[in-house]
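Notebook open, viewer loaded. I'm jotting down what I look up as I go.

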Amino acid sequence: MRYMATYDMMETVRNTNQWLGATAKTFASYPLMAMVPNPAIQWMAAWGDITERSFERMVAKPDWGLGSFTCDDGKDHLVNIKHVVERPFGDLIHFEVSGRPVQPRKILLVAPMSGHYATLLRSTVKSLITNCEVYVTDWHNARDIPVSAGKFDIEDYTLYLVDFMKHLGPDTHVIAVCQPAPLTLAATAYLAEIEPDAQPRSLTLIGGPIDPDAAPTEVTDFGRRVTMGQLEEMMIQRVGFKYEGVGRRVYPGLLQLSSFMSMNAERHSKAFNDQINRIVRGEASDHDHHNKFYDEYLAVMDMAAEFYLSTVDRVFKKREIAKNEFVVAGHKVDIGKITTVAVKTVEGSKDDISAPGQCVAALDLLTGLPDSKKAFHVEEGAGHYGIFAGNSWRNNIRPLVLDFIDQNSGTTPPAKKPANKNVA
């Protein structure tokens with residue numbers, strides 16, 4: 001009950017702040033308040049607007065927002081989200097484009113389970129869906145999963161990926177973004193031994209902590225400082241009575257969000273102050289850049305406690321992936337068994353979450369893979385978010401990744417683009 005009460009207290013604080021924002025906005029927006037010639041009234045309304053929206057978004061799953069888009073034929077095509085595989089802790093979804101021929105590139109985009117929903121990859125999906133068949137791992141919020149569904153740790157996560165890859169077949173190209181990179185590598189190695197015919201054609205790992213010790217960051221330093229007992233005591237709570245997963249042990253998304261915000265507190269504070277001033281001046285809109293970013297950034301999900309704890313313990317502390325000692329369902333995975341799947345790593349030179357060196361470490365583990373099937377790219381000036389979204393992704397990284405996919409698709413690739421000097 002102690003941990004359940006703490007969870008409910010956090011939800012109460014969030015709900016109270018949402019109510020305060022709504023109250024301030026409503027009070028300052030009464031027509032009679034316009035008779036008071038004081039700019040503080042407008043500021044109160046703007047503060048209330050920002051506060052209500054921010055705290056409300058923390059418990060709402062964002063929509064994919066992919067209604068339709070124009071294809072090469074010049075026509076608008078509707079995008080339907082089809083659930084291909086449904087499991088208790090996550091689904092495999094397909095962005096099916098109505099009226100368009102099936103595209104030759106089939107991509108499985110492995111979304112991170114690190115506090116945000118898979119919709120964090122919305123812009124990534126938008127950039128790929130134009131000429132690819134895109135599948136995404138849509139992980140569920142642990143607070144909404146009944147205790148009767150059982151546990152979910154990194155071994156279960158890895159087996160989910162194995163099942164998704166087997167379902168899609170060997171003509172699939174996998175792209176893992178951030179947190180799932182080491183487990184996606186392990187899932188591919190697991191398939192290489194257990195069911196080699198189901199392996200994907202290529203694997204692209206973007207900004208993932210394959211070897212966290214290769215380059216220290218605040219994330220890895222925190223993992224070294226605290227013991228697992230301290231981590232469990234400080235971070236793990238039980239879902240309160242408000243949600244379907246009542247009683248489930250979780251790492252709350254609100255705690256994760258507070259960690260995210262504290263890492264760049266000054267920048268976030270300035271962003272919110274600037275937005276309040278824009279609202280006061282009448283320059284803000286409902287779908288401006290600030291709202292689009294923070295509507296996604298503030299929408300957080302709870303992680304199953306066993307998944308969070310096993311990630312810290314086995315990936316960061318014990319470095320089981322980096323040491324090639326990872327065990328799944330009693331089977332010791334050997335990454336060196338990957339011999340046919342082409343592997344590419346992508347890193348950002350200014351990534352402060354998974355610093356350069358952490359992801360490219362995967363190539364050293366691939367002892368059975370010829371160098372001709374290994375590649376890497378370091379995007380200069382790009383931070384963690386920029387390597388899978390934004391200008392760096394759209395203009396530089398995406399073309400390189402698609403080129404790599406075409407080269408390893410088993411079919412005749414399109415006209416080759418100039419080689420990048422960072423690709424080995």
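Which residue forms a salt bridge with aspartate 406, and how far apart are the closest N and O atoms? I find arginine 105 there, with the closest N and O atoms 2.8 Å apart. My cut-off for a salt bridge is a side-chain nitrogen of Lys or Arg within 4 Å of a carboxyl oxygen of Asp or Glu.

**Ground rules**

I'm working on a predicted model, where local features need pLDDT of at least 70 and side-chain atom pairs count only at pLDDT 80 or more, while totals for chains, interfaces and linings use all residues. Residues are numbered from 1 along each chain as its sequence is written, and side-chain values use heavy atoms, with hydrogens and water left out. Helices (H or I, at least four residues) and strands (E, at least two) are DSSP runs, numbered from the N terminus.

**Salt bridges**

Back to aspartate 406: it lies in helix H13 (residues 390-407), and arginine 105 lies in the loop between strand E3 (90-97) and strand E4 (106-110), so the pair ties together parts that are 301 residues apart in sequence. I checked burial for both: aspartate 406 is buried, and so is arginine 105. For the cut-offs, buried means under 20% relative accessible area, exposed over 50%, and partly exposed in between (1.4 Å probe, protein chains only).

How many salt bridges does the structure hold? I get 27.

I then looked at arginine 14, which forms a salt bridge with glutamate 11, the closest N and O atoms being 2.8 Å apart. Why are these two about one helical turn apart? Because they sit three residues apart in helix H1 (residues 2-28). An α-helix has 3.6 residues a turn, so residues three or four places apart point the same way. Arginine 14 and glutamate 11 are both buried.

Next was arginine 53, whose salt bridge with aspartate 295 brings the closest N and O atoms to 2.7 Å. Arginine 53 is in helix H2 and aspartate 295 in helix H10 (residues 289-297), so this pair ties together parts 242 residues apart in sequence. Arginine 53 has a relative accessible area of 14%, which means it counts as buried. I also followed the shared partners: Arg53, Glu56, Arg57, Asp286 and Asp295 are joined into one network of salt bridges.

**Helix H2**

Buried residues in H2 include Ile41, Ala45, Gly48, Ile50 and Ser54. At the start of H2, a side-chain oxygen of asparagine 38 comes to within 2.9 Å of the backbone nitrogen of alanine 40.

**The sheet E8-E9-E10**

I traced an open sheet of three strands, in the order E8-E9-E10 and with antiparallel pairing. Two strands pair if DSSP finds at least two bridges between them. Which are the edge strands? They are E8 (237-238) and E10 (303-304), each pairing on one side only. E8 and E9 (residues 249-251) pair over two bridges. Helix H8 (residues 253-263) packs on the sheet, touching E8, E9 and E10, and its direction makes about 15° with that of E9. Here axes are lines fitted to C-alpha atoms, for helices over the stretch in contact, and angles run from 0 to 180 degrees between N-to-C directions. Across the pairing, arginine 238 stands opposite arginine 249 in E9.

Glycine 245 is in the loop between E8 and E9. At 0% relative accessibility, I log glycine 245 as buried. Its contacts (heavy atoms within 4.5 Å), leaving aside neighbours within four places in sequence, include Arg143, Asp144, Pro146 and Val239.

**Positive phi**

I looked for residues other than glycine with a positive phi. Cysteine 178 has one of about 65°; it is in the loop between strand E6 (172-177) and helix H5 (181-194). Its relative accessible area is 11%, so cysteine 178 is buried. Arginine 319 has phi near 55° and is found in the loop between helix H11 (305-317) and strand E11 (327-328). At 18% relative accessibility, arginine 319 also counts as buried.

**Last look-up**

Threonine 124 lies in helix H3 (residues 122-129). Buried or exposed? Threonine 124 is buried, at 1% relative accessibility. Leaving aside neighbours within four places in sequence, threonine 124 is in contact with Leu109, Phe388 and Trp393.

Terms used: Polar contact = N/O pair within 3.5 Å; in protein donor to acceptor, adjacent residues only side chain to side chain.
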